[in-house]
Amino acid sequence: METHLDSNSQTGRTNQQIEVSVGKKLKSIVLFYVDGFRNMTIGRYLWLIILIKLLIMFAVLKLFFFPDKLANEYDNDEQRADAVREALISND
């Protein structure tokens, strides 16, 4: 008689024990980063500057380089959907 055991049953660990183990590891990783950011002094201000610059950069890119052509060229959602459908289907 052949028994088929997976690796977890061979080690005697249940799925619940594995989930707890993974949960503890994730919690320790999160706490590591939280503690690191909590103890930063100058780094906080540098991260704040980086986030502000990214926000400004993406806002400018969206406003000036990615205009909403569908809203400007079509009056309703049905026309917009037809335009998108045609653009996806066309071979141009």
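Me: Is F37 buried, exposed or partly exposed, and how do I read that?

Reply: You compare its relative accessible area with two cut-offs: under 20% is buried, over 50% is exposed, and anything in between is partly exposed. F37 comes out at 40%, so it counts as partly exposed. Keep in mind that this is a predicted model. As for where it sits, F37 is found in helix α2.

Me: Which aromatic ring does F37 pair with, and how is that pair described?

Reply: The general idea first. A pair of aromatic rings is described by the distance of the centres and the angle of the planes. Here the partner is W47: the ring centres are 6.2 Å apart and the planes sit at 65 degrees. Planes over 60 degrees apart count as edge-to-face, so that is the label for F37 and W47. The pair also links distant parts of the chain, with F37 in helix α2 (residues 15–38) and W47 in helix α3 (residues 42–65), 10 residues apart.

Me: And W47, is that buried, exposed or partly exposed?

Reply: Partly exposed, because its relative accessibility is 43%, which falls between the two cut-offs.

Me: How many aromatic pairs does the structure hold?

Reply: Two. Besides F37 with W47, there's F32 with Y33, also labelled edge-to-face: 5.4 Å centre to centre, with 85 degrees between the planes. F32 has a relative accessible area of 60%, so it counts as exposed.

Me: Which residues make the nonpolar surface patch?

Reply: The idea is to look for nonpolar side chains with over 30% relative accessible area, joined when they lie within 5 Å. In this model the patch covers about 1,200 Å² and takes in V22, L26, I29, F32, Y33, F37, W47, I50, L51, L54, M57 and F58. The elements that give two or more residues to the patch are α2 and α3.

Me: Let's move on to charges. How many salt bridges are there, across the whole structure?

Reply: Side chains of opposite charge can pair when their charged atoms come close. A search of the whole structure finds two salt bridges. One joins D77 and R80, with the closest N and O atoms 2.8 Å apart. The other joins D82 and R85, at 2.7 Å from N to O.

Me: What caps the N-terminal end of α5, and what span should the helix have?

Reply: The cap is N76: one of its side-chain oxygens lies 3.3 Å from the backbone nitrogen of E78.

Me: What's the overall picture, then?

Reply: The protein chain has five helices and zero strands, giving the pattern α-α-α-α-α along the sequence. Of its 92 residues, 2% count as buried. The chain exposes about 9,000 Å², and carbon and sulfur atoms supply 63% of that.

Key: Residues are numbered from 1 along each chain as its sequence is written. This is a predicted model: local features need pLDDT of at least 70, side-chain atom pairs count only at pLDDT 80 or more; totals for chains, interfaces and linings use all residues. Side-chain values use heavy atoms; hydrogens and water are left out. A polar contact is a pair of N or O atoms within 3.5 Å; within protein, one must be able to donate a hydrogen and the other to accept it, and residues adjacent in sequence count only if both atoms are side-chain atoms. Helices (H or I, at least four residues) and strands (E, at least two) are DSSP runs, numbered from the N terminus. Rings of Phe, Tyr and Trp (its six-membered ring) pair if their centres lie within 6.5 Å; planes under 30 degrees apart count as stacked, over 60 as edge-to-face and the rest as tilted. Buried means under 20% relative accessible area, exposed over 50%, partly exposed in between (1.4 Å probe, protein chains only). Patches are made of residues with over 30% relative accessible area and no salt bridge: like charges are joined within 9 Å, nonpolar side chains (Val, Leu, Ile, Met, Phe, Trp, Tyr) within 5 Å. Accessible areas come from the Shrake-Rupley method with a 1.4 Å probe; for residues, only the protein chains shown count as cover. A salt bridge is a side-chain nitrogen of Lys or Arg within 4 Å of a carboxyl oxygen of Asp or Glu.
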